Amino acid sequence: SSGINAESQSVLFSFLTVIPFGVLILLYLFGSFSISSRTLSLLFLLHFITPFALLILFFLHYNYLHASLSSNTFKNDFLDLTSFYPLFIFLDAFIVFLFLTFFLFIIFISSYLFFESANFLAFNTLVTPLHIYPD
């Protein structure tokens, strides 16, 4: 299975206990001493919010880069300015259009292409996964 399951999350997050206040961080993340639905909700929220935060940082960086109009970091030679308008604006818009076309095709047309069948099973802490065999 390519996805990370609850047992793997328990092992990975238990590494937090070796740092100072790691047990408190672990209790805050899990909500108890084991993975609960609260933990899965927090991780889902983290995976949902992170791309939007990166997108905001990207646009801030992009606007700053285009506002400066230069690759000159010292800003003391105004004859060495490189204008980004209009060529690079249209090129960037075209590249973003191609990326979004490909991305939206993957999301809406072939969204089940990268899914594992085990990802559709409901999470249950009382049932051991089938790929884990007792000794």
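Helices (H or I, at least four residues) and strands (E, at least two) are DSSP runs, numbered from the N terminus. By that rule the chain has four helices and zero strands. Along the sequence the pattern reads α-α-α-α.

This is a predicted model: local features need pLDDT of at least 70, side-chain atom pairs count only at pLDDT 80 or more, and totals for chains, interfaces and linings use all residues. Residues are numbered from 1 along each chain as its sequence is written, and side-chain values use heavy atoms, with hydrogens and water left out.

**Whole chain**

- Of the 135 residues, 13% count as buried (buried is under 20% relative accessible area, exposed over 50%, partly exposed in between; 1.4 Å probe, protein chains only).
- The chain exposes about 11,600 Å², and carbon and sulfur atoms supply 75% of that area (Shrake-Rupley method, 1.4 Å probe; for residues, only the protein chains shown count as cover).
- Take the contacts between residues at least 6 apart in sequence: 30% of them join residues at least 24 apart (contact means heavy atoms within 4.5 Å).

**Helix H2 and its ends**

- Phe21 sits in the loop between helix H1 (6-14) and H2.
- Phe21 is not a glycine, yet its phi is positive, about 60°.
- Most residues other than glycine have a negative phi.
- Phe21 counts as exposed, at 64% relative accessibility.
- H2 spans residues 22-30, and its residues Gly22, Leu26 and Phe30 are buried.
- Seen down the H2 axis, these buried residues fall within an arc of 60°, so they line one face of the helix (the arc is that of the directions from the helix axis to the C-beta atoms).
- An α-helix has 3.6 residues a turn, so residues three or four places apart point the same way.
- Leu24 and Tyr28 are exposed on the other side of H2.
- Gly31 follows H2 and has a positive phi, near 85°.

**Nonpolar surface patch**

- Val96, Phe99, Leu100, Phe103, Leu104, Phe105, Ile107, Phe108 and Ile109 form a nonpolar patch on the surface.
- Together they have about 900 Å² of accessible area.
- Patch residues have over 30% relative accessible area and no salt bridge; like charges are joined within 9 Å, nonpolar side chains (Val, Leu, Ile, Met, Phe, Trp, Tyr) within 5 Å.
- A salt bridge is a side-chain nitrogen of Lys or Arg within 4 Å of a carboxyl oxygen of Asp or Glu.
- Ile107 belongs to helix H4 (residues 87-108).
- Ile107 is partly exposed, with a relative accessible area of 39%.

**Aromatic pairs**

- Rings of Phe, Tyr and Trp (its six-membered ring) pair if their centres lie within 6.5 Å; planes under 30 degrees apart count as stacked, over 60 as edge-to-face and the rest as tilted.
- The count by this rule is five aromatic pairs.
- Phe44, Phe48 and Phe52 are linked into a cluster by ring pairs.
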